[in-house]
Amino acid sequence: MSERLVVRLGERADTPISWITWSEEQKSVISSGVLPGAEALSSLTERAGGRPVEVLVDSSALTLTQVNLPAKMARQALKGLPFMLEDELAQEVDKLHFVTGRRDGDQLAVAVVSHEQMGLWRQWLKDANLQAARMVPDVLALPQPAGCDGALVQLEAQWLCRFGLEGSSVDADWLPIILADKAEEGEVSLAHFSPVDLMLEGVQWQPQSLELPMQVLAQGMAQSRCNLLSGVYAPKRELGKVWKIWGKVAIMAGIALVLTLVYQGMQWYQIDTKRQQVRAESDAIYKRLFPGERVNPAIHPAQRLAGKVRGLGGGGGQGELLSMLSQLQPAFAAIPELKPVSLRYNADRGELRLQVRAANFAQFEQFQKAAGGRFQVDTGAMNNEEQGVSGALTVKVK
């Protein structure tokens, strides 16, 4: 299934929980939001439905580090990994869960988290009846474009900062300190997926497309090799038990499938015969409409007619987009402080998606009312920033 529910858990139960339903096939956001804390996770149970549930966790609750471990020594040395890092950790190694991630030459990424914290996260999901397929540190889901030394994105009140195999999740007040330390090691190039108003010596900013932070992480976590649900926390497979319960059902379903395929084969033969007849009639009609024109027999008459219509100026998603923007112009003019940052148009859905900034939340409601006569305007996730409020709007023609 290309759709999945991605949830980001904090270190404490009262930490706000961001979530997003993401379509990998369409590369689009189906829905998103923020929950007040772990007790509200159960509200996502129905939304998850049959979708896989993938979990991001706050990297401030983990230790992300790396060790020098040649690949040819990996199998023998992995068992001794906890003791290689023992001096860097505040807790006893038997109370910690160690997970390896991506390798860069002889450097191997390692994530360390306490069994107590893993127990909390798993209990919150269990109480909400959510079965996680993967659990990834949020920083390691942040894409780092080629040629950049690091990447940043703002998620609620925190900044996620990734530097190669390592990273951290910090409050906004700590961001200048973290980046200044990196710049002291030499000039660094940093990609940012959220607006940054910092001017730091030794830092070259590489702006990226402004998307929802959870959208950036949902896309990036597919490339992460660090899954905390490994070892003792790996999901248990109960294939034998499942087969005992559903084995006979599967056999009957197989027989039914064979019979269905035979029946559909006969139906297909009849439909194909009718299709050839309709095609012949369509070709004849087209020749009567455009006598003497040379046509490519590989192109269906309906496609040829569509080409004629386009040639006369009909159809096209671009025209629909321009029409929508023209009709939305009075609503934007009425609220000059509400300004679009980026937009995307989905012609198949007739849907315009806007990322906008405004002075306050009330201006979003004013825009909904101003455009509500002709359009259905839905609001998505909104963030309160120093310079105002940013958020997502989805606009459709009523």
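Buried means under 20% relative accessible area and exposed means over 50%, with partly exposed in between (1.4 Å probe, protein chains only). Keep that at hand for these exercises. This is a predicted model, in which local features need pLDDT of at least 70 and side-chain atom pairs count only at pLDDT 80 or more, while totals for chains, interfaces and linings use all residues. Residues are numbered from 1 along each chain as its sequence is written, and side-chain values use heavy atoms, with hydrogens and water left out.

**Exercise 1. The sides of a helix**

Find which residues of α4 are buried, and work out where they sit around the axis.

*Solution.* 

Step 1: Locate the helix. Helices (H or I, at least four residues) and strands (E, at least two) are DSSP runs, numbered from the N terminus. Helix α4 covers residues 115–127.

Step 2: Check its length. The expected span is 1.5 Å times one less than the number of residues. For the 13 residues of α4 that should be 18 Å, and the end C-alpha atoms are 18 Å apart, so the two agree.

Step 3: List the buried residues. They are Q117, M118, W121, W124 and L125. These cover an arc of only 130° around the axis, which puts them on the same side of α4. The arc is that of the directions from the helix axis to the C-beta atoms.

Step 4: Away from the buried side, α4 carries the exposed residues E116, K126 and D127.

Step 5: Find the packing partners. The buried residues of α4 pack against β1 (3–9), β4 (53–57), β6 (96–104), β7 (107–114) and β8 (132–137), where contact means heavy atoms within 4.5 Å. Just after α4, N129 takes a positive phi of about 60°.

**Exercise 2. The open spaces**

Describe the largest pocket and the second largest pocket.

*Solution.* 

Step 1: On a 1 Å grid over the protein atoms alone, a cavity is a set of points where a 1.4 Å probe fits but cannot get out, and a pocket is an open set with protein on both sides within 12 Å along at least five of seven lines; lining residues have an atom within 4 Å of a point. Grid points are joined across faces, edges and corners, and a volume is the space filled by probe spheres set on the points.

Step 2: Take the largest pocket, with a volume of about 610 Å³. Of its 29 lining residues, V29, L212, R353, A392 and T394 are the closest to its centre. Strands that each supply at least two lining residues include β3 (28–35) and β17 (388–397).

Step 3: Take the second largest pocket, at about 460 Å³. Its lining has 16 residues, and Q154, W159, P195, D197 and E386 lie nearest the centre.
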